Amino acid sequence: MSFQAYLDSIETKTGLTPRQFVEQAHERGFGQQTKAGPILEWLKNEYDLGRGHGMALVHVITKGDRIDSKHVGSGSAHSDDSDRLWLDGQATRPSA
């Protein structure tokens, strides 16, 4: 599953866009310096998200919408089309 696919799956399950999760995280005081544990605990308790999906959100909460270029176009199961993740919801994502 690609990084973007994880984010899309989270949106489908919860009805919240990745950007909305980032905003909620910041309201709770989570940011760049926050370790994964407290964020994962919040996501599990509030949204019943497992570790894999939670770690995708940990990344965008702590590092933003960029991913390493090694994950782009690699042809692997985890390959993404771009080094930039779309955080504003599946319905608004521009066509590739």
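In this predicted model, helix α2 (residues 18-27) and helix α3 pack at an angle of about 115°, with their axes 12 Å apart. Helices here are DSSP runs of H or I with at least four residues, numbered from the N terminus, and axes are lines fitted to C-alpha atoms over the stretch in contact, with angles running from 0 to 180 degrees between N-to-C directions. The angle makes α2 roughly perpendicular to α3 (65 to 115 degrees; under 35 is roughly parallel, over 145 roughly antiparallel, and the rest oblique). The crossing of α2 with α3 is right-handed, that is, the near helix is turned clockwise from the far one by less than a right angle. Phe 21, Gln 24 and Ala 25 of α2 touch Trp 42, Leu 43 and Tyr 47 of α3, where contact means heavy atoms within 4.5 Å. By class, these residues are 5 nonpolar, 1 polar and no charged (Ala, Val, Leu, Ile, Met, Phe, Trp, Tyr, Cys and Pro count as nonpolar, Asp, Glu, Lys and Arg as charged, and the others, Gly among them, as polar).

Helix α3 (residues 36-47) also packs on helix α4 (residues 51-63), at about 125° and with the axes 9 Å apart. This angle makes α3 oblique to α4, and their crossing is right-handed. On the α3 side, the contact involves Ala 36, Ile 39, Leu 40, Trp 42 and Leu 43; on the α4 side, Arg 51, Gly 54, Met 55, Leu 57, Val 58, Ile 61 and Thr 62. The contact comprises 9 nonpolar, 2 polar and 1 charged residues.

A pocket is an open set of points on a 1 Å grid over the protein atoms alone, where a 1.4 Å probe fits, with protein on both sides within 12 Å along at least five of seven lines; lining residues have an atom within 4 Å of a point. Grid points are joined across faces, edges and corners, and the volume is the space filled by probe spheres set on them. Of the 12 lining residues, Gln 4, Asp 81, Ser 82, Arg 84 and Arg 93 are closest to the centre of the largest pocket, and its lining divides into 4 nonpolar, 4 polar and 4 charged residues.

The second largest pocket has a volume of about 200 Å³. Its lining has 13 residues, with Ser 2, Phe 3, Tyr 6, His 71 and His 78 closest to the centre. Helices α1 (3-14) and α4 each give two or more residues to this lining, and α4 gives the most, with 4.

Residues are numbered from 1 along each chain as its sequence is written. Local features need pLDDT of at least 70 and side-chain atom pairs count only at pLDDT 80 or more, while totals for chains, interfaces and linings use all residues; side-chain values use heavy atoms, with hydrogens and water left out.
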